[in-house]
Amino acid sequence: MNHLNEEQLVLHYYGEPGDAPPVEAHLAECQSCRAAYQSLQCLLNTVDVTVPQRPEDYGAQVWQRLNLPLHRPQARFWLLPRNWAMAAAAAVLLVAAFLAGRWQRPASPPPQVAVTGRLRERVLLVALGDHLERSQMILVELANATPELGRGGGRLDISYERSAAEDLLEANRLYRQTAQRTGDAAAANILDDLERTLLEIAHSPSNVSQTQLADLRKQIEDQGILFKVRIFGSRVREREAPVSAANRNL
Amino acid sequence: MEESDLCVVARVRAGDGDGFRLLVERHSRSVFRLAYRMTGNEQDAEDVVQETFLRAFRQLHRYESRASFATWLYRIAANYSLDLIRSRKRHFDHRQHANGEERDPLLSIPSTDPGPDRTAFSSQIQERMTEALNELTPQERTAFVLRHFEGQTIGEIRAVLGIGENAAKHSIFRAVQKLRKTLEPLVNVP
């Protein structure tokens, strides 16, 4: 047997099965390979990363922060197209109410009107936050779908994601138009990118091949849309908090 | 006797959403460890933990019991960490391109939790280790962390990264080569 190369030594260190017996036999006989292997062992044995300790009740803390929507009967509730349609319709009404409020608001609103304005803003932020969260879920589902999960000859059924994307499109259009009207170019751009991705998903077949899924994933990844939506969503949630606090203090 | 993950998952799927709490409490620490090794900083690791359980809860209908629940969870955590470090890298590359010289913020994060008995030498190794890990591409880092720290098989690493067996092996190999280049001068190898 020729001398072992570095790749063989690395794989042997990690106990990859395959050619283990010949590698071991060679190491027993060849002093130079044994020395090279010992050197690699010594180095890899030192590779460690000190991970900060978490408290004993860390799991409970994570659970508290998650604040999962457990009142829903099943996780798949969100993926039922009928519910998406209802949510989208509600969001559309909320945006319309918000826009109406903005246009009708007098120059110096009396205190009661200011309260109504804040409530409207809170309602819009909550609706927008939910919209972004739902969109994120669709993108995450597709980004994480692997060919191994596909059934029926490597195809994947994305009919839930597809109809959910269809339902989200209308609300997204309204949010984008609102952002454009109010001069929030950054938000309008993100919503525009999101709209194109949702459109792409909505126009995909219900059963996608591995190649089609890879194309969708590539589009999601190339645009960095998941990251953008996530950051935008966090900002909306941050804005939502002070408005909620102001409402509580009234 | 402790209820198995599989039984808890079945309960949650049947509508007992509160059962998910048990899974969160069981696996939070290990997901955090993986996330920290993948992202290299505490804040991002916390973010990954949060997002991992959120995604797991929402995608529970997609979990197939062929793999253990922990493996499935790690796959979600690794994928999200990978997305995060890729986005950071893209963002950083873009900013670096636009602004000229700029140091990667990940590199400036101090090594945390040194421990009172850590020697200056091991501290130096830790710092170089952090730097060396940050030099890896997202794919190399993911493959290396999953193999070296988590003991995942090549098959599992392939599934996380969506690459072939040879590419997965090669990513580990390249990662080791890069780490070796950085760390060998510090380690007294025979």
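This is a predicted model: local features need pLDDT of at least 70, side-chain atom pairs count only at pLDDT 80 or more; totals for chains, interfaces and linings use all residues.
## Elements of chain A

Chain A has 250 residues, of which 24% are buried.

Helix 1 of chain A covers residues 6–13, and its buried residues are A:Leu9, A:Val10, A:Leu11 and A:His12. After helix 1 of chain A comes A:Gly15, which has a positive phi near 65°.

Helix 7 of chain A spans residues 159–181 and contains A:Asp167. Is A:Asp167 buried or exposed? A residue is buried if 20 or more other C-beta atoms lie within 10 Å of its own. A:Asp167 has 23 C-beta neighbours inside 10 Å, so A:Asp167 counts as buried.

A:Asp167 can also be compared with a residue from another part of the sequence. A:Ala202 is 35 residues away from A:Asp167 in sequence, while their C-alpha atoms are 8.8 Å apart in space.

## Elements of chain B

Chain B has 9 helices and 0 strands. Read from the N terminus, its elements run α-α-α-α-α-α-α-α-α. Of its 190 residues, 37% count as buried. For contacts in chain B with a separation of 6 or more, 65% are between residues 24 or more positions apart.

## Helix 2 of chain B

Helix 2 of chain B is mostly covered, with 15 of its 20 residues buried. This helix has a kink of about 50°, centred on B:His27. B:Gly40 follows helix 2 of chain B and has a positive phi, near 85°.

B:Leu22 belongs to helix 2 of chain B. With 18 C-beta neighbours inside 10 Å, B:Leu22 counts as partly exposed. The reason is the cut-off: a residue with 20 or more such neighbours is buried, one with 12 or fewer is exposed, and one in between is partly exposed. B:Leu22 and B:Glu3 are separated by 19 residues in sequence and by 9.5 Å in space, C-alpha to C-alpha.

The axes of helix 7 and helix 9 of chain B come within 8 Å and cross at roughly 90°. These two helices are therefore roughly perpendicular to each other. On the side of helix 7 of chain B, the contact is made by B:Gln139, B:Glu140, B:Arg141, B:Ala143, B:Phe144 and B:Arg147; helix 9 of chain B contributes B:Ala168, B:Ser171, B:Ile172, B:Arg174 and B:Ala175. The residues of this contact divide into 5 nonpolar, 2 polar and 4 charged.

Helix 9 of chain B also packs against helix 8 of chain B, at an angle of about 100° and with the axes 9 Å apart. That angle makes helix 8 of chain B roughly perpendicular to helix 9 of chain B. The residues in contact are B:Ile154, B:Ile157, B:Arg158 and B:Leu161 from helix 8 of chain B, and B:Glu165, B:Ala168 and B:Lys169 from helix 9 of chain B. They comprise 4 nonpolar, no polar and 3 charged residues.

## Nonpolar cores

The largest nonpolar core has 48 residues. Which residues have the most contacts inside this core? They are B:Ala35, B:Val49, B:Ala77, B:Ala143 and B:Ile172. Apart from its neighbours within four places in sequence, B:Ile172 is in contact with A:Val10, B:Ala143, B:Phe144 and B:Arg147. A second, separate core has 30 residues, including A:Ala127, A:Leu139, A:Leu142 and A:Leu174.

## Where the chains meet

The contact between the chains takes 41 residues from chain A and 53 residues from chain B. On the chain B side, the elements giving two or more residues are helix 2 (20–39), helix 3 (42–58), helix 4 (69–99), helix 6 (120–135), helix 7 (138–149), helix 8 (154–161) and helix 9 (165–183). Helix 2 of chain B gives the most, with 11 residues. The chain B side as a whole divides into 22 nonpolar, 13 polar and 18 charged residues.

Conventions. Residues are numbered from 1 along each chain as its sequence is written. Chains are lettered from A and ligands numbered from 1 in the order in which they are written. Helices (H or I, at least four residues) and strands (E, at least two) are DSSP runs, numbered from the N terminus. A nonpolar core is a set of buried Ala, Val, Leu, Ile, Met, Phe, Trp, Tyr and Cys residues joined through C-beta atoms within 7 Å. Two residues are in contact if their C-beta atoms, placed from the backbone, lie within 7 Å. Ala, Val, Leu, Ile, Met, Phe, Trp, Tyr, Cys and Pro count as nonpolar, Asp, Glu, Lys and Arg as charged, and the others, Gly among them, as polar. Axes are lines fitted to C-alpha atoms, for helices over the stretch in contact, and angles run from 0 to 180 degrees between N-to-C directions. Angles under 35 degrees count as roughly parallel, over 145 as roughly antiparallel, 65 to 115 as roughly perpendicular and the rest as oblique. The bend at a residue is the angle between axes fitted to the seven residues ending there and the seven starting there.
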